[in-house]
Amino acid sequence: MTNRYRNERIEIKLTKEEKELFKKKFALSKSKSMAHFIRKSVLEAPIFVIDMDIFRRIQTLIGKNSSNLNQIAKRVNSTGIIYREAIEDLKKENDDISREIIKIQNILTRKYMNKFI
């Protein structure tokens, strides 16, 4: 046993629910053994790290935009008047949202298209 190739050991504890999910995924994997499944999952599966800041920024921009649109609608419904500045503000906010979405598209394109080239 002293000259075994894999001689490092890791132990984990799971909840009952986690263990059931583990068993289901293990069965679906058709792996030869639990050790093989774990090695394959850990050593070969890609890890995706997603920076959620850009999504939070879009969510904030959309929230502001919706709020402003509601205020404009209330004003128009009560007075029949719409201000050019309010429309320009909405256009600017929509442009900001579009720029943020384009940033996400560019990040995804750079990150994942390189894998196919």
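The 26 positive and 15 negative charges of the chain have mean positions 9 Å apart. Here Lys and Arg count as positive and Asp and Glu as negative, while His and the chain ends are not counted; each charge is placed at NZ of Lys, CZ of Arg, CG of Asp or CD of Glu. This is a predicted model, where local features need pLDDT of at least 70, side-chain atom pairs count only at pLDDT 80 or more, and totals for chains, interfaces and linings use all residues. Residues are numbered from 1 along each chain as its sequence is written, and side-chain values use heavy atoms, with hydrogens and water left out.

**Overall build**
- The chain has four helices and zero strands, counting DSSP runs numbered from the N terminus (helices: H or I, at least four residues; strands: E, at least two).
- The chain is more spread out than a compact globule, because its radius of gyration is 26 Å, well over the 13 Å that the globule rule gives for 117 residues. That radius is taken over C-alpha atoms, and the rule is 2.2 Å times the number of residues to the power 0.38.
- Along its principal axes, the C-alpha trace spans about 85 × 40 × 25 Å.

**Burial**
- Of the 117 residues, 12% count as buried (buried is under 20% relative accessible area, exposed over 50%, partly exposed in between, with a 1.4 Å probe and protein chains only).

**A look at Ile81**
- Ile81 sits in the loop between α3 (53-79) and α4 (84-113).
- With a relative accessible area of 43%, Ile81 is partly exposed.
- Leaving aside neighbours within four places in sequence, Ile81 is in contact with Arg75 and Val76 (contact means heavy atoms within 4.5 Å).
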